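Try each one before reading its solution.

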Amino acid sequence: MGLITGLLTLPLAPVRGVVWVTEQLYAQARRELDDPAIVRRRLAELEEARRSGALSPEEADRQEEELVGRLWESRRTSGGREV
């Protein structure tokens, strides 16, 4: 980046910083959502909540379907290998 370009784009530096932070937060959230260990732990918690009656069967089924879908998606995108 040249001196003139640097001076002209200097007012955009805060915007670029916010965009970078947002991209980093999004990437971390995706890693956590797609981590098979976290999904399995959440499935175990869901089963315990179902047994204790903290969740209705319909709500437990809906959440379980979502979690299993995320687990399958993470396996599909990782090439089927255990991560």
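**Exercise 1.** What share of the contacts in the protein chain with a separation of 6 or more comes from residues 24 or more positions apart?

*Solution.* Bear in mind that this is a predicted model. Residues 24 or more positions apart supply 43% of those contacts.

**Exercise 2.** Describe the overall build of the protein chain.

*Solution.* Start with the elements: there are 4 helices and 0 strands, in the order α-α-α-α from the N terminus. Next, take the radius of gyration, which is 21 Å; the globule rule gives 12 Å for 83 residues, so the chain is more spread out than a compact globule. Along the principal axes, the C-alpha atoms fill a box of roughly 65 × 30 × 15 Å. Finally, 12% of the 83 residues count as buried.

**Exercise 3.** Work out how α3 and α4 pack against each other.

*Solution.* Two packed helices are described by the angle between their axes and the distance between the axes. For α3 (residues 36-52) and α4 (residues 57-77), the angle is about 165° and the axes lie 10 Å apart. Angles over 145 degrees count as roughly antiparallel, and α3 and α4 are therefore roughly antiparallel to each other. Their crossing is left-handed. Among the residues making the contact are L43, L46 and R50 of α3 and A60, D61 and E64 of α4. By class, the contact residues divide into 8 nonpolar, 2 polar and 7 charged.

**Exercise 4.** Is R50 buried or exposed, or in between?

*Solution.* R50 sits in helix α3. Its relative accessibility is 26%, so R50 counts as partly exposed. Not counting residues up to four places away in sequence, R50 touches A60, D61 and E64.

Notes. Residues numbered from 1 in each chain as written. Predicted model: local features only at pLDDT ≥ 70, side-chain atom pairs only at ≥ 80, totals over all residues. Heavy atoms only, no water. Axes fitted to C-alpha atoms, helices over the stretch in contact; angles between N-to-C directions. Helix = DSSP H or I, 4+ residues; strand = E, 2+ residues; numbered from the N terminus. Parallel < 35°, antiparallel > 145°, perpendicular 65-115°, else oblique. Left-handed = near helix turned anticlockwise from the far one by under 90°. Contact = heavy atoms within 4.5 Å. Nonpolar A, V, L, I, M, F, W, Y, C, P; charged D, E, K, R; others polar. Buried < 20%, exposed > 50% of the residue type's maximum accessible area, 1.4 Å probe, protein only. Rg over C-alpha atoms; globule rule 2.2 N^0.38 Å.
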